[in-house]
Amino acid sequence: MINSYALVGDAGDVTLVDCGLKRAPARIVQGLAAIGKGPADVTGIVLTHAHPDHAGGAAEVARRTGAPLALHAADVPYAATGTPPPRDPTVAGGRLFARLSSGRFPAFEVAQPLADGDLLDVGGGLRVVHTPGHSPGHISLLHEPTRVLITGDALFNVAGIRWPVKVLCTDFRMTQQTAHVLGELDYDVAAFTHGPEIKDRAREQVRGFLTRLSRD
């Protein structure tokens, strides 16, 4: 239910997207081995946002691989302290959830602060799409050569396309607003960090979900 991705370049180099929970690094190494790769092949790590289920293993994966970490600039302060962004106080249960669960993770240094529209030198071009709301610096990623969109937590695909859990968002309303940009991008595959990828008419399915919500 928590996905990380390995993007393999023409030279065999690997860029990881997200590092899962604090206990995930061992499984990430196992996943690399399954595609004939190891920690030494990893040349970069990109995080979609600074939540413990995506950045919890970042410090350890960076230690094992020696690869630099990239994260949107708005989430860098949270990475530096190992503290997730604040919860949405307007959502029922948001304040209580924030008090009950600290959500802390091992702090790490960000080598490359990202901004909307950045084109990363990853496998021919990985486009940064800022989709804030779930966190201030939340990003989605479009691998332009293969037309694969990694949504991050802008959208889930758990029993169908749906919004992320409200109480885990910094600003749920903003999450809904900024996700609409995903319907305007060009891609053939939608890969989610929660739930399986969509390969059949991915863009149409995402646009259909967003269009239905805008009419409600």
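Is Arg64 buried, exposed or partly exposed? Arg64 is partly exposed, because its relative accessible area is 38%, where buried means under 20%, exposed over 50% and partly exposed in between (1.4 Å probe, protein chains only). Before going further, please keep in mind that this is a predicted model, in which local features need pLDDT of at least 70 and side-chain atom pairs count only at pLDDT 80 or more, while totals for chains, interfaces and linings use all residues. Residues are numbered from 1 along each chain as its sequence is written, and side-chain values use heavy atoms, with hydrogens and water left out.

Let us stay with Arg64 for a moment. Arg64 forms a salt bridge with Glu60, with the closest N and O atoms 2.9 Å apart; the term stands for a side-chain nitrogen of Lys or Arg within 4 Å of a carboxyl oxygen of Asp or Glu. Both residues lie in helix α3 (residues 58–65), four residues apart, about one turn of the helix. Helices here are DSSP runs of H or I with at least four residues, strands are runs of E with at least two, and both are numbered from the N terminus. Glu60 counts as partly exposed because its relative accessibility is 25%.

The whole structure holds six salt bridges. In another of them, Asp186 meets Arg203, with the closest N and O atoms 3.8 Å apart. This pair links distant parts of the chain, 17 residues apart: Asp186 is in the loop between α6 (172–178) and β12, and Arg203 is in helix α7. Asp186 is partly exposed at 47% relative accessibility, whereas Arg203 is buried at 19%. Lys199 and Glu197 also form a salt bridge, at 3.9 Å from N to O. Through shared partners, salt bridges join Glu60, Arg63 and Arg64 into one network.

The side chain of Asp53 does make a polar contact with the side chain of His54, at 3.5 Å. Such a contact is a pair of N or O atoms within 3.5 Å; within protein, one must be able to donate a hydrogen and the other to accept it, and residues adjacent in sequence count only if both atoms are side-chain atoms.

Now to the sheet. Five strands form an open sheet in the order β6-β7-β8-β9-β12, with mixed pairing; two strands pair if DSSP finds at least two bridges between them. The edge strands, β6 (119–120) and β12 (189–191), each pair on one side only. Five bridges join β7 to β8, and these two run antiparallel. Ser140 sits in strand β8 (residues 139–143) and is the bridge partner of Val129. Ser140 is buried, because its relative accessible area is 0%, and its side chain reaches the backbone oxygen of Thr151 at 2.8 Å.

Finally, look at the nonpolar cores, sets of buried Ala, Val, Leu, Ile, Met, Phe, Trp, Tyr and Cys residues joined through side-chain atoms within 4.5 Å. The largest has 22 residues, of which Leu155, Tyr187 and Val206 touch the most other members. Helix α7 (residues 202–215) gives the most to this core, with four residues. Apart from it lies another core of 21 residues, including Cys19 and Phe105.
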